[in-house]
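Dear colleague,

Please find the structure below, handed over for your records. My notes on what was found in it follow directly after.

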Amino acid sequence: MLTNAHVHFKETFSAADFCGQTVCFCAGSAEEWKRAAEFTRVLNSADIGTCVVGGGSASGEGRALVSAGLHPWSLVPGSVDATGGAANVDAQLSWLTELLAHNAADVAAVGECGIDLYTPELKAALPAQLHAFEKQMELAARYEKPLVIHCRRSIQYFFEYAPRLQKLPSVIFHAYPGTLAECESLLWRGINAYFSFGGSFVQKVGSTQNGEHPEVHGAQKMQTVVIRGGKHAAECVAQLPADRLLLETDAAESAAELLPAVFRAAAKLRGGSVSELEAVCGENFRRAYGL
Ligand SMILES: [Zn+2]
């Protein structure tokens, strides 16, 4: 079964698209939580694992989860969060604290949260980012939840936080941008870390690249997928220990369609079959999210 470790919930998603997939949606605001939780209830009640996919039956039981957290981008002053309100760190933290206080069983993980130092605006918001991240680590520890981490130009902070991250049931570095050596180093520090990678479609019309044969979708359009997440992503996907690898579609509009292509691209990098990789990532998803 295909597992999607991190996907941003979108209003445009249709339940049928997620047939036979196990997914963890992430919600970053009260409104997004409400909608993602409702969609998840529909998916789980419709038994997405046994519906018909692409002309055949999906194997196993699909399952949908929702994580909740404050994305670093929502902490920049003047930014607009998913509810359309101006960024207000304390109000956002209160939402998450209340959600866990009343609905902890429904929250699969805390996050996506983390530290992003990619732009001057994000750098200026570092104190707010650190404050929100520390609070979210505390919440994850208190409710024994996995933590889903967004990390951009900030890997050193997670080494500093290692003693606290080590206490969590698991830590999922989504769209992991670091090196393979840094993965090993985070694991060596006792963090129960998983590293998740996504992909994006590369559209080609009527041609192939490097003599390869991309997937054919529709009459003329040809698509292939590249693993996304910085220059080290392909190396990490190829060489990570099998028990630490996850795959995802993150914020892609075409999440359900993209996921099989991400698995094919990753299987190619690892030199194995898609079905082997499905089993590996399925087991990792189960352990990472404590199912
Ligand atoms: Zn994300």
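How are helix 2 and helix 4 oriented relative to each other: roughly parallel or roughly perpendicular? In this predicted model, the axes of helix 2 (residues 89-103) and helix 4 (residues 126-142) come within 11 Å and cross at roughly 10°. An angle under 35 degrees counts as roughly parallel, and the two helices are therefore roughly parallel to each other. On the side of helix 2, the contact is formed by Val89, Leu93, Leu96, Thr97 and Leu100, which meet Ala128, His131, Ala132, Lys135 and Leu139 in helix 4. By class, the residues of this contact comprise seven nonpolar, two polar and one charged.

Helix 2 also holds tryptophan 95. Tryptophan 95 has 20 other C-beta atoms within 10 Å, and a residue with 20 or more counts as buried, so tryptophan 95 is buried.

Helix 9 and helix 10 (residues 274-288) pack with their axes 9 Å apart, at an angle of about 100°. That angle makes helix 9 roughly perpendicular to helix 10. Here Phe263, Arg264, Ala266, Ala267 and Arg270 in helix 9 meet Val274, Leu277 and Glu278 in helix 10. The contact of helix 9 with helix 10 contains five nonpolar and three charged residues, with no polar ones.

In soluble globular proteins, nonpolar side chains tend to be buried together. For isoleucine 149, leaving aside residues up to four places away in sequence, the contacts are Gly111, Cys113, Gly114, Phe158, Val171, Ile172, Phe173 and His174.

Buried residues make up 45% of its 291 residues. Of the contacts with a separation of 6 or more, 70% join residues 24 or more positions apart.

With kind regards

Key: Residues are numbered from 1 along each chain as its sequence is written. This is a predicted model: local features need pLDDT of at least 70, side-chain atom pairs count only at pLDDT 80 or more; totals for chains, interfaces and linings use all residues. Helices (H or I, at least four residues) and strands (E, at least two) are DSSP runs, numbered from the N terminus. A residue is buried if 20 or more other C-beta atoms lie within 10 Å of its own, exposed if 12 or fewer, and partly exposed in between; C-beta atoms are placed from the backbone. Two residues are in contact if their C-beta atoms, placed from the backbone, lie within 7 Å. Axes are lines fitted to C-alpha atoms, for helices over the stretch in contact, and angles run from 0 to 180 degrees between N-to-C directions. Angles under 35 degrees count as roughly parallel, over 145 as roughly antiparallel, 65 to 115 as roughly perpendicular and the rest as oblique. Ala, Val, Leu, Ile, Met, Phe, Trp, Tyr, Cys and Pro count as nonpolar, Asp, Glu, Lys and Arg as charged, and the others, Gly among them, as polar.
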